[in-house]
Amino acid sequence: MTPNRDARVFQIALNGPVMPELLRDDAEVIVGDGWRRTVTPSSPWAAENEVLFSNLGDAASDAEIDAEIDRYHRIGRPMRWCVYPWDRPVDLGQRLLARGASQAEVWALIAENDLPLRMVDGVEVEPVTSSTSEAFSTYMDQMITRWGYPADEAEFRRARYARLIDAEQPTLMLFLGRYRGEPAGGGACFLRHDHAYFTGDFVRVGYEARGLLQSLHAARHQAMSAMGLRWATGHGRLSGTAQWVRRFGWKVVFEYQIYQLEPPTVGR
Amino acid sequence: MDLRDDLRAYIQKEIFKGRVPAAFDDDFDLIESGFVDSLSTMNLIMHLEQVHGVEFGINDIVPQNLKSVTALVGLLESRRG
């Protein structure tokens, strides 16, 4: 790889999860001085109440960390904090764990869309092109069930995904996977000018190990390549799809951790 | 232990967890019978790589190659050349 290409790959992978399309109307995005925080009082979903990038110094005090967390505790919502290998202080993750956070290991991955990944026999993947289609209802029902979205998050996603895929120039594409004709999984892509962010992969319980995930990736690569988008990026948890995605030919750009803290309970 | 014996032993211990179905033989379909999921498949692949020293291509890890002892033997022998 050339230095310029390395830099572009890193930039694409790092900024993959920045998805302004999924902000609720009351979301506040606080950006500056190396920080990117999203605060969404209406959302019970930690992904919408997160510190995506932070810029504490080596000598950050506990009070500085607590002030960030309190921003979310004040609205009574769970929050998550993404901690990268270059973040300071070096013990930031440990200090979040000491505050009761849970921890998830995540890989930021990338691939070129001309990857020769093949569809698997028995699996068909259908692009979902309209919110009025049966495929859209099926996709949403299954995604909501698979991820266990709370009712108001489910309602928000249905409305927002419909708006995004029906747009004149959509920035979101959904793909519904079927195994022997039965709806069995799905995956999404957010479209950027030279790449796509693959996200939201799910396989219905009972349909695992049947090639759904590989086929959903292959179909999206083919669609993105046909649209002239060179790269695909995605962030996956090691407890989830990340190891599979690497076996599909993706490269790990960097590893990081997501720490999640629940709001204090009343009376604590 | 030869390849087939190793696969049988691994499947009986790690996939069936010791409760081996009466119908289990080298053509028993591990996928359609519902015994494997995403995690157990990944663990099986890692076992094959570590114990048998093979490397798989990006299109190798498909149900047709993983569904039974016979299919797994075929996959491993093809990767060993």
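Reader: Which residue is the bridge partner of Glu126(A) in E7(A)?

Author: In this predicted model, Glu126(A) has Leu176(A) of E7(A) as its bridge partner.

Reader: What makes E6(A) and strand E7 (residues 172–179) of chain A a pair?

Author: Two strands pair if there are at least two bridges between them. Six bridges join E6(A) to E7(A), so the two strands count as a pair. They run antiparallel.

Reader: Why are E1 and E6 of chain A said to stand at the edges?

Author: Start with the strand order: the open sheet of eleven strands in chain A reads E1-E2-E3-E4-E11-E5-E10-E9-E8-E7-E6, with mixed pairing. Strand E1 (28–32) and strand E6 (123–128) each have a single partner strand, so one side of each has no neighbour in the sheet. On average, neighbouring strands here are turned by 25° against each other, direction ignored.

Reader: Which strands does helix H2 of chain A lie across?

Author: H2 (residues 62–73) lies across E1, E2, E3, E4 and E11 of chain A, and runs at about 30° to E2(A). Then there's H6(A), which packs on the sheet and touches E5, E6, E7, E8, E9 and E10 of chain A. The direction of H6(A) makes about 155° with that of E9(A).

Notes:
Residues numbered from 1 in each chain as written. Chains lettered and ligands numbered in written order. Predicted model: local features only at pLDDT ≥ 70, side-chain atom pairs only at ≥ 80, totals over all residues. Heavy atoms only, no water. Helix = DSSP H or I, 4+ residues; strand = E, 2+ residues; numbered from the N terminus. Axes fitted to C-alpha atoms, helices over the stretch in contact; angles between N-to-C directions. Contact = heavy atoms within 4.5 Å.
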